Amino acid sequence: KYKPMQGYIDCHCHISAEEFDSSAIILFHFQAGLVALLAVAEHAGEFEKIIQLSQRFPGFVMPCLGVHPVQDPAQPRGALPEDLDAALPLIEKYKEHIVAIGEVGLDFTPRVVNSDAGKVGQRQVLIRQAEIAKQLNLPLNVHSRSAGRPTIHLLKELGVENALLHAFDGKPSVAMEGVKAGYFFSIPPSIVRSDQQKLVKQVPLESMCLETDAPALGPEKQVRNVPRNITISAEYIAKIKGVPLEKVIEVTTQNALHLFPKLKTFIKA
């Protein structure tokens, strides 16, 4: 049996974001009680940087490659199948190195998508990436803002068995459908100020992971979030669930190792 690990696994963060001088911040977090960071991508342009960071910090930065449902943040639009053109060859190239396909999903926020055609494009992009994850036997690291129910229903319809729903903003009753399907839900430090508190009350600890989504979703709005804030997520879950912090750390770490099995081979424990 894999020996229990003391420490946090950040299951979803954007360590390659321009808000970070990546090497300096990773080195700092390497010494801050974190066991691993799962670095997610939003578009093909980030893939090489994430892979390079994972090679510079082996066993600590774990790469996830995927195409996010929102593209061109300056003028947000829904992802389209052609956004996969540059991404797919790189996923194939680095398939041995990645621990998940992500960040993928649906985002039906009105300013991003306001037509059925836009939703169809996003679905096609998610379907294709779910197929790749299945071929490579990898889990999905999933975004579902304003699209909780459609995302969980589509994942189930596609026969996806291993998925992390990050920062889920849907109803707890919808989340419980995901729990029944065997999906995990990761909780960011913004829990201290968000509706996700209801989710944490209902979703069992056995279906939870920790994340920061750094540099977004920090404890304070508009303030750059960092991976060490993962302790805030864990402490808040412990408070809501009425269990010791150690139990939250232990269970969420085991959940992450179960959901992302390649972590076990990569982590320098």
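# Close-up views of a predicted model

**View 1. Cysteine 13 at its place in strand β1.** Cysteine 13 lies in strand β1 (residues 8-13), where helices (H or I, at least four residues) and strands (E, at least two) are DSSP runs numbered from the N terminus. This is a predicted model, in which local features need pLDDT of at least 70 and side-chain atom pairs count only at pLDDT 80 or more, while totals for chains, interfaces and linings use all residues. Residues are numbered from 1 along each chain as its sequence is written, and side-chain values use heavy atoms, with hydrogens and water left out. At 0% relative accessibility, cysteine 13 counts as buried (buried means under 20% relative accessible area, exposed over 50% and partly exposed in between, with a 1.4 Å probe and protein chains only). When its neighbours within four places in sequence are left aside, cysteine 13 is in contact with Leu37, Leu38, Ala39, Val40, Thr212, Asp213 and Ala214, contact meaning heavy atoms within 4.5 Å. The C-alpha atoms of cysteine 13 and aspartate 85, which are 72 residues apart along the chain, are separated by 24 Å.

**View 2. Threonine 212, aspartate 213 and proline 215 in the loop between β10 and α8.** Aspartate 213, in the loop between β10 and α8, has a phi near 60 degrees, a positive value in a residue other than glycine, and aspartate 213 is buried, with a relative accessible area of 8%. Threonine 212 counts as buried at 0% relative accessibility. Not counting residues up to four places away in sequence, threonine 212 touches Asp10, His12, Cys13, Pro188, Pro189, Leu217, Asn225, Val226, Pro227, Asn229 and Ile230.

View 3. Between leucine 65 and proline 110, 45 residues apart along the chain, the separation of the C-alpha atoms is 26 Å.

**View 4. The cis peptide bond between glycine 102 and glutamate 103.** Glutamate 103 has its place in strand β6 (residues 100-105), and the cis peptide bond that joins glycine 102 and glutamate 103 has an omega of about 15 degrees.

**View 5. Helix α1 against helix α2, with serine 54.** Helix α1 (residues 22-30) and α2 pack at an angle of about 40 degrees with their axes 11 Å apart, the axes being lines fitted to C-alpha atoms, for helices over the stretch in contact, and the angles running from 0 to 180 degrees between N-to-C directions. That angle makes α1 oblique to α2, since angles under 35 degrees count as roughly parallel, over 145 as roughly antiparallel, 65 to 115 as roughly perpendicular and the rest as oblique. Ser22, Ser23 and Ile26 in α1 meet Lys49, Leu53 and Arg56 in α2. By class, the contact of α1 with α2 has two nonpolar, two polar and two charged residues (Ala, Val, Leu, Ile, Met, Phe, Trp, Tyr, Cys and Pro count as nonpolar, Asp, Glu, Lys and Arg as charged, and the others, Gly among them, as polar). Serine 54, placed in helix α2 (residues 47-56), is buried with a relative accessible area of 10%. Apart from residues up to four places away in sequence, serine 54 touches Val61 and Pro63.

**View 6. Helix α5 beside helix α6, and serine 146 in the loop between β7 and α5.** Helix α5 (residues 148-157) and helix α6 (residues 172-180) pack at an angle of about 15 degrees, and their axes are 9 Å apart. That makes α5 roughly parallel to α6. Gly148, Arg149, Ile152, His153 and Lys156 in α5 meet Val174, Ala175, Glu177 and Gly178 in α6. The residues of this contact of α5 with α6 divide into three nonpolar, three polar and three charged. Serine 146 lies in the loop between β7 (140-143) and α5, has a phi near 55 degrees, a positive value in a residue other than glycine, and counts as partly exposed at 41% relative accessibility.
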